[in-house]
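Dear colleague,

Please find the structure below, together with its sequence.

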Amino acid sequence: MKILFISLGCDKNLVDSEHMSGLLSKAGYEFTNEETEADIIIINSCCFINDAKEESIETIFEMAKYKEEGKCKALVLAGCLAQRYIDEIETEIPEIDICIGTTAIDSIVSTLDEFFAQKNHINKIEDIDFLAGADAPRSLSGISSFAYLKIAEGCDKHCSYCIIPKVRGNYRSVPMENLIAEAKTLAEQGIKELVLVAQETTMYGKDIYGEKSLHRLLKELAKISGIYWIRILYCYPEEIYEELIDVMATEPKICHYLDIPIQHGDDHILRKMGRRTNQEQLRTIITKLRKKIPDIVLRTTFITGFPGETKEEHENVLRFIDEMEFDRLGVFTYSPEENTPAALMPDQIDEEIKVSRRNEIMELQQEIVFEKAEALIGQEFVAIIEGKISGENAYIGRTYRDTPGVDSNIFVLTDEELMTGDFVKVKVTGTNEYDLIGELI
């Protein structure tokens, strides 16, 4: 039978999808990109914010029609939406044949076998704190030179706006030996860049080794032949520690890039969010990183329009961003999520104000980014090639400064023939808004 796999949401979800695909491929299933040819359609869903929830539901109904118009015999909903809304799904979306929760992905093959044996609706919602996928094979979802390595599952922070601990469970680190084995397999498959992800990467190992061990993991990953870049995402600022900074500064394979979700720049709102830093502590952490790793690129995210956020508190955010001059920054408007403390807080902000404040932040950040890009003209960087621009003597690449699929690109001008995955040296000659333009050296 042929399977159409649709993965929605974050990069952590994509890794889960790739593990399920690996199990299915090992069991003899084939895959297709054509909805009308699929015997089974699997949707790995997201429900982190309202927009993600709506996208997941729209996709369900879009795919459900292929039970009539195509060959689909089983519509499967996996992931966060299934975990969080299993009761509502059972009663309101009868088109779904199978629900698989966030910790039940290992059972995808046996669940399909069971369904086709009895043709009855099946729910697989396991213990929320089980660590799924740690030993599962993995089929990469596309041809690329990078892959995500999910080093942990769940979160213990319980920020007041976030539903993740309720659908992903407490923090569980993947044992180091599993991660090293997976990384070696990825390298053998041609992967050259590992992007480390988790709900929070900085706490890696504390639950199973008794202390933060991300620096130890990085040292082991750096020994793997074929891996040239290692990038770290989702480092909570208060958990960044000396050994981690030191290994980043001294190990050549680790990109001088850190993603630090800060979420706000006003102390009062940070406390309401349940965050564990204030503005002064954030300044100290950022200053230390820039002092020890002068060429470090810092990415962050902010939430605007949090309940009760005043105009003055919003202006504090603008001043903080202007002062810190983050290299990369994204902004979300606050989304009230059911069963979170923030959703019950008074003084919810009108959507129009949220959007207006988000736009103000992005306008400021645009000025910062454009100035920083101009300052790079004349500098030389190593870039990884990701593709060719059709009909032009130009290639799309990335430097260490950019996470794939999230940040900017560098357009490399050359008459030479390059291949995806090549590392080349490039001199920056110009900018195109957020992107750089360079010539091959």
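A crossover is called right-handed if, with the strands pointing away from the viewer, the path from the first strand over the helix to the second runs clockwise. Helices (H or I, at least four residues) and strands (E, at least two) are DSSP runs, numbered from the N terminus. By that convention, β11, helix α11 (residues 242–250) and β12 form a right-handed β-α-β unit.

Some notes on the source come next. This is a predicted model, in which local features need pLDDT of at least 70 and side-chain atom pairs count only at pLDDT 80 or more, while totals for chains, interfaces and linings use all residues. Residues are numbered from 1 along each chain as its sequence is written, and side-chain values use heavy atoms, with hydrogens and water left out.

As to the chain overall, its secondary structure comprises 15 helices and 19 strands. The radius of gyration (taken over C-alpha atoms) is 22 Å, close to the 22 Å that the globule rule (2.2 Å times the number of residues to the power 0.38) gives for 441 residues, so the chain is as compact as a globular protein of that length. Along the principal axes, the C-alpha atoms fill a box of roughly 65 × 60 × 45 Å.

Strand β11 (residues 229–232) deserves a separate paragraph. In a regular strand the side chains alternate between the two faces of the sheet. Here W229 and R231 point one way and I230 and I232 the other, and all are buried. Strands count as paired if DSSP finds at least two bridges between them. Strand β10 (residues 193–197) runs parallel to β11 and is joined to it by four bridges, with V195 opposite R231. Strand β12 (residues 254–259) also pairs with β11 in the parallel sense, over two bridges, and there I232 stands opposite L258.

Finally, I would draw your attention to F306, which lies in the loop between β13 (297–304) and α14 (311–324). Is F306 buried or exposed? F306 is buried, with a relative accessible area of 0%. Beyond its neighbours within four places in sequence, the residues in contact with F306 (heavy atoms within 4.5 Å) include Y161, K272, M273, Y334 and I349. The C-alpha atoms of F306 and R357 are 11 Å apart, although 51 residues separate the two along the chain.

With kind regards

Methods
Buried means under 20% relative accessible area, exposed over 50%, partly exposed in between (1.4 Å probe, protein chains only).
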